[in-house]
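Dear colleague,

I am handing over the structure we spoke about, together with notes on what turned up in it. Please look through the model first and then read the notes beside it.

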Amino acid sequence: MSVTIKSEHEIELMREAGRILSIVHDEMAKVIRPGVTTMAINRKGEEVIRSYGCIPSFLNYNGYPASICVSVNEEVVHGIPDKKRILKEGDIVSLDAGVIYKGYHSDAARTHAVGEISEEDKKLIDVTKQSFFEGVKMARAGNHLFDISKAIQDYAESFGFSVVREMVGHGIGKKLHEEPQVPNFKPIGRGMKLRPGMTLAIEPMINRGKKEIWKLEDDWTCVTRDSQNSAHYENTVLITEGEPELFSYNKDLA
């Protein structure tokens, strides 16, 4: 397994990519409301990405046809924006976006309420976000990769939610997906030891119901098999000697 350790120059480029991506997410969040199409959210995201001289990481990636993954309710990830798909009161919508800045990627996801949502969905969104931060507490040099995975799983499952197995986090840098894979559940073993300069996209995907998912006929959109809602939260993370640094998170915006 070849894991890249980033130089100070590479880290600076990825830090800027993350800063821009946090703004992209903030601007997309402003357009979410009942009556808006998922395509309108995609257009806004791409517009902001390009306004900073960046390239959307996802557009045409392995054939994906849009710049933003917009996944509604039971759609776990990779929902394709559609001008006919209209958000309605009570929906939840997950936005997954990436930017390329001077050849380096940042990747982040957020799940939002559309108008007033159920208490259970509020809890799902909050627990998914906090499960990320529980995992990040373990993202320190000297710890092992699956310490992150275990912390995410333990937190999410303590609330009765389930963790998607098929979709995992990943290394990130010059490529959108690099080694290592970062599961959101604890595999057998401990995983590699974390080292300063590693950059990871940590991204729990948490379901209200059972963990099983399947893929729709568009060959992209992944949905829960029991049609229960799912939430997604992600940031690009730098492993350091001390506290991890979150490139795509601005606490004033997120």
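Two strands are said to pair if DSSP finds at least two bridges between them, and helices (H or I, at least four residues) and strands (E, at least two) are DSSP runs numbered from the N terminus. The model is predicted, so local features need pLDDT of at least 70 and side-chain atom pairs count only at pLDDT 80 or more, while totals for chains, interfaces and linings use all residues. Residues are numbered from 1 along each chain as its sequence is written, and side-chain values use heavy atoms, with hydrogens and water left out.

**Sheets**

The strands β3 and β12 (residues 222-224) pair in the antiparallel sense over two bridges, and within this pairing Val77 has Cys222 of β12 as its bridge partner. Both belong to an open sheet of three strands with the order β3-β12-β11 and antiparallel pairing. Here β3 (75-77) and β11 (213-215) stand at the edges, and because each has a single partner strand, one side of each is left without a neighbour in the sheet. On average, neighbouring strands of this sheet are turned by 40° against each other, direction ignored (the axes are lines fitted to C-alpha atoms, for helices over the stretch in contact, and angles run from 0 to 180 degrees between N-to-C directions).

Another open sheet is formed by five strands in the order β8-β7-β9-β14-β15, again with antiparallel pairing. Its edges are β8 and β15 (245-246), each with a single partner strand, so one side of each has no neighbour in the sheet. Three bridges join β7 (residues 169-171) to β8, and His170 stands opposite Gln181 in β8.

Strand β4 (residues 92-101) has several pairings, among them one with β5 (residues 104-113), to which it is joined by ten bridges in the antiparallel sense. In that pairing Ser94 has Thr111 as its bridge partner, and Ile92 stands opposite Ala113. The hairpin of β4 and β5 has two residues between the strands, and Lys102 takes a positive phi near 50° there. Antiparallel pairing also links β4 to β2 (residues 68-72) over five bridges, with Ile68 opposite Ala97, and to β1 (residues 55-56) over two bridges, with Ile55 opposite Ile100.

**Burial and helices**

Which residues of β4 are buried on its two faces? In a regular strand the side chains alternate between the two faces of the sheet. In β4, Ile92, Ser94, Asp96, Gly98 and Ile100 on one side and Val93, Leu95, Ala97, Val99 and Tyr101 on the other are all buried, where buried means under 20% relative accessible area, exposed over 50% and partly exposed in between (1.4 Å probe, protein chains only). Strand β5 is mostly covered as well, with nine of its ten residues buried.

Helix α3 (residues 119-136) has 18 residues, which at 1.5 Å a residue should span 26 Å, and its end C-alpha atoms are 26 Å apart, which agrees; the expected span is 1.5 Å times one less than the number of residues. Among the buried residues of α3 are Asp121, Leu124, Ile125, Thr128, Phe132 and Glu134. In helix α1 (residues 8-29) one finds Ile23, which is buried with a relative accessible area of 17%. Ile23 and His78 are 55 residues apart in sequence and 21 Å apart in space, C-alpha to C-alpha.

**Pocket and cavity**

Grid points are joined across faces, edges and corners, and a volume is the space filled by probe spheres set on the points.

The largest pocket has a volume of about 460 Å³. Of the 22 residues that line it, the closest to its centre are Tyr61, His78, Val168, His170 and His177. The elements giving two or more residues to this lining are β7 and β8, and the largest share, three residues, comes from β8. The lining divides into ten nonpolar, six polar and six charged residues (Ala, Val, Leu, Ile, Met, Phe, Trp, Tyr, Cys and Pro count as nonpolar, Asp, Glu, Lys and Arg as charged, and the others, Gly among them, as polar).

The count of cavities of 30 Å³ or more comes to one, and about 30 Å³ of space lies in the largest cavity. β8 also gives the most to the lining of this cavity, with three residues.

Best regards

Note on methods. 1 Å grid on protein atoms, 1.4 Å probe; cavity = no way out; pocket = protein on both sides within 12 Å on 5 of 7 lines; lining within 4 Å.
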